[in-house]
Amino acid sequence: MKILKPVIIILLILLVFMVFRGCSAYNKMVRLDETVAHQWGQVNNTYQRRADLISSLVSTVQGSAYFEQGTLTEVIEARAKATQTKIDPSNLTEEQLTQFQQNQNAVGSALSRLLVSVENYPELRANEGFMNLQAQLEGTENRINVARNKFNEAAREYNQKIRTFPTKLVAMIFGFKEKPYFK
């Protein structure tokens, strides 16, 4: 009986320590998951900014009576497809992120073709509104890269946390899953 009492006390202390450690790990994973969701929101905001600027750019270019309609239609369709892609950051999968990237890359390609074709229209290149929109788009592309990099960093930190022992056990119990990265 004398030996049993200290063993029970040690086991209880160990159990309490493990519970507190598990709670701490869980709370850290929740904070990191929220950071990933926040950074995903920043990515969406910057892509939405680009989509809004594209609308203004298309309106400005449409004012030129001779501009190629096929190029404008391609930009409008790519933008529409990209803005329809909605992703819940709590259930972000590799496939969803790949589809999102493909749609955004299509917008970028169509936009590049639009800007190249503008070179044939000196009156558009001289338009102050067009030049301002073009400069804002360049700045937005930089913002997109920064937001994507911050998302990848948040996802890396989160993934690293849920894959390390003993936190991995808590992650498995509560269903925390790895987040994909932008490539």
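Helices here are DSSP runs of H or I with at least four residues, strands are runs of E with at least two, and both are numbered from the N terminus. By that count, the protein has six helices and zero strands.

Before going on: this is a predicted model, where local features need pLDDT of at least 70, side-chain atom pairs count only at pLDDT 80 or more, and totals for chains, interfaces and linings use all residues. Residues are numbered from 1 along each chain as its sequence is written, and side-chain values use heavy atoms, leaving out hydrogens and water.

Overall shape. The C-alpha atoms fill a box of roughly 95 × 25 × 20 Å along the principal axes. The radius of gyration, taken over C-alpha atoms, is 25 Å, whereas a compact globule of 183 residues would be near 16 Å. That globule rule is 2.2 Å times the number of residues to the power 0.38.

Now the interior. Of the 183 residues, 35% are buried, meaning under 20% relative accessible area with a 1.4 Å probe, protein chains only. A nonpolar core is a set of buried Ala, Val, Leu, Ile, Met, Phe, Trp, Tyr and Cys residues joined through side-chain atoms within 4.5 Å. The largest one has 22 residues, and Trp40, Val43, Phe100, Phe151 and Phe182 have the most contacts inside it. Helices α1 (4-62), α3 (94-117), α5 (128-163) and α6 (167-174) each supply at least two of its residues. Apart from it lies another core of 19 residues, including Ile54 and Leu111.

What does Phe151 touch, leaving aside neighbours within four places in sequence? Counting heavy atoms within 4.5 Å as contact, Phe151 meets Val36, Gln39, Trp40, Val43, Leu92, Pro180 and Phe182.

Key:
Buried means under 20% relative accessible area, exposed over 50%, partly exposed in between (1.4 Å probe, protein chains only).
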